[in-house]
Amino acid sequence: MPNNSFRRIARVVQLTQTVALVLVVGSTALLYGSARDFRTADRWVDHTHEVLDEIDEVRNSVLRGGLALRNYTLSAQPLFLDRLNAAADESALALRRLEARVAFDPAQAARATEASAETVEILGWYRSSRVIAERDGPEALRRSMQARVSIDASQRLRKVLDEMELAEREALTRYRAERDARLDAVKAGAGVAVALFIGFILWTIAYASRLVGVGEARIERLSANADLDPLTGLANRRALDRRVKELSGQPFAVMVCDLDSFKPVNDQHGHAAGDEVLRAVAARLMQQCRDKDLVVRPGGDEFVVVLPGLLSEERLRAIAARIGLAIGEPVALEGGATVRVGASIGFASTPGDIPFDALMRAADAMSYAEKKRQKVATGERSGTDGR
């Protein structure tokens with residue numbers, strides 16, 4: 001694929017990302033503002049419902065107190081006096097909540113103050129009626145109530161509460177209309193943003209597809225080569241990471257091979273000879289491993305083998321010994337010289353519950369211990385043999 005096509009694809013990607021970022025940021029800001037306004041309108045709707053609930057609670061608690069008082073005159077049971085007292089307490093609490101909720105609205109606050117005064121008077125009558133009932137009996141209470149009933153002391157309270165309720169219901173209608181308008185704005189903004197984004201993405205997909213079609217085969221080769229070590233043709237770190245993720249939760253083993261006496265090869269014969277040795281070791285590792293095993297060169301003179309399904313330490317030791325013998329065979333260089341390297345091999349396995357990093361540390365530790373053991377047993381080896 002011509003380099004120009006790659007540059008054009010890169011520019012399309014950059015343009016796509018830039019426009020997408022602008023669309024996302026702009027749409028997010030627009031939607032955030034609309035959503036914030038919608039939430040504000042929605043809170044006012046909730047607040048209005050709360051005020052209406054408090055109005056109903058004042059009205060109902062006063063009514064419950066009157067019913068309890070009347071029932072006591074019919075059947076002088078202490079239970080009704082307890083209900084009267086509870087209703088009076090509930091009325092007082094509901095009034096305080098109502099006054100707090102409408103404090104921001106001067107008109108409603110004035111009505112709430114008037115309702116509070118009327119309710120205080122009624123509650124005072126309730127409490128004095130209870131005193132009469134407890135002190136003088138039901139008959140005295142009935143005589144007291146007859147005079148009070150003719151006045152209809154709760155008429156003004158009912159009127160004020162009705163006025164408050166009407167005002168709140170009108171406000172509720174306005175808030176609902178505002179909320180619905182904000183919601184429509186959110187939907188419209190989201191629709192426009194999505195339409196613009198989809199349209200632009202479709203265009204970039206179509207344009208980029210035409211460019212990619214020019215060099216699809218080369219892109220596939222590049223993708224395949226991205227997983228390979230360019231020197232040995234083995235898998236690289238990227239392929240190793242992907243394979244480990246695929247084996248997550250499954251049994252597998254990891255084997256680390258660290259070459260011995262490799263540095264003298266580079267020092268005495270040059271890096272080209274070192275590269276020959278690395279390629280030879282890679283080929284021998286591939287010969288000693290199964291098709292489903294993954295042989296990796298992460299870098300330098302280190303090799304890693306991933307062995308799916310292997311947990312037996314005995315089998316792993318046998319494989320390590322076989323690989324060690326294969327690596328230790330002489331390597332003939334192009335110039336006619338022959339060199340020999342060894343390998344310190346460590347391994348670790350898991351049934352699927354040990355992280356890969358921990359396996360690597362265990363295998364590295366075993367490889368390092370093996371290298372120390374060999375140095376103690378045989379001393380440093382020469383990097384050449386029979387030049």
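This is a predicted model: local features need pLDDT of at least 70, side-chain atom pairs count only at pLDDT 80 or more; totals for chains, interfaces and linings use all residues.

Where is the place of I198? I found I198 in helix α5; helices here are DSSP runs of H or I with at least four residues, strands are E runs of at least two, and both are numbered from the N terminus.

Residues are numbered from 1 along each chain as its sequence is written, and side-chain values use heavy atoms, with hydrogens and water left out.

**Helix α5**

I stayed with I198 and checked its cover: I198 is partly exposed, because its relative accessible area is 44% (buried is under 20%, exposed is over 50%, partly exposed is in between; 1.4 Å probe, protein chains only).

R169 comes out partly exposed at 41%.

**T350 and the end of β6**

Next I went to T350, in strand β6 (residues 342-350). Its relative accessibility is 0%, so I log T350 as buried. The T350 side chain makes polar contacts (N or O pairs within 3.5 Å; within protein, one atom must be able to donate a hydrogen and the other to accept it, and residues adjacent in sequence count only if both atoms are side-chain atoms). I get 2.9 Å to the backbone nitrogen of G352 and 3.2 Å to the backbone nitrogen of D353. Leaving out residues up to four places away in sequence, T350 touches Q250, P251, F252, L311 and L359, where contact means heavy atoms within 4.5 Å.

From S349 I followed the C-alpha distance to E313, which is 8.1 Å for a pair 36 residues apart along the chain. E313 belongs to helix α10 (residues 313-327) and is partly exposed at 47%.

**Two positive phi values**

Which residue takes a positive phi in the hairpin of β2 and β3? I have G300, near 60°, in a hairpin with two residues between the strands. β2 (residues 294-299) and β3 (residues 302-308) pair antiparallel over four bridges; DSSP must find at least two bridges for strands to pair. G299 has E302 in β3 as its bridge partner.

S261 also has phi near 60°, a positive value in a residue other than glycine. I located S261 in the loop between β1 (252-260) and α8 (263-269), and at 14% relative accessibility S261 counts as buried.

**Whole chain**

I count eleven helices and six strands, and 38% of the 387 residues are buried. Of the contacts with a separation of 6 or more, 74% join residues 24 or more positions apart. The chain exposes about 21500 Å², with carbon and sulfur atoms supplying 56% (Shrake-Rupley method, 1.4 Å probe; for residues, only the protein chains shown count as cover).
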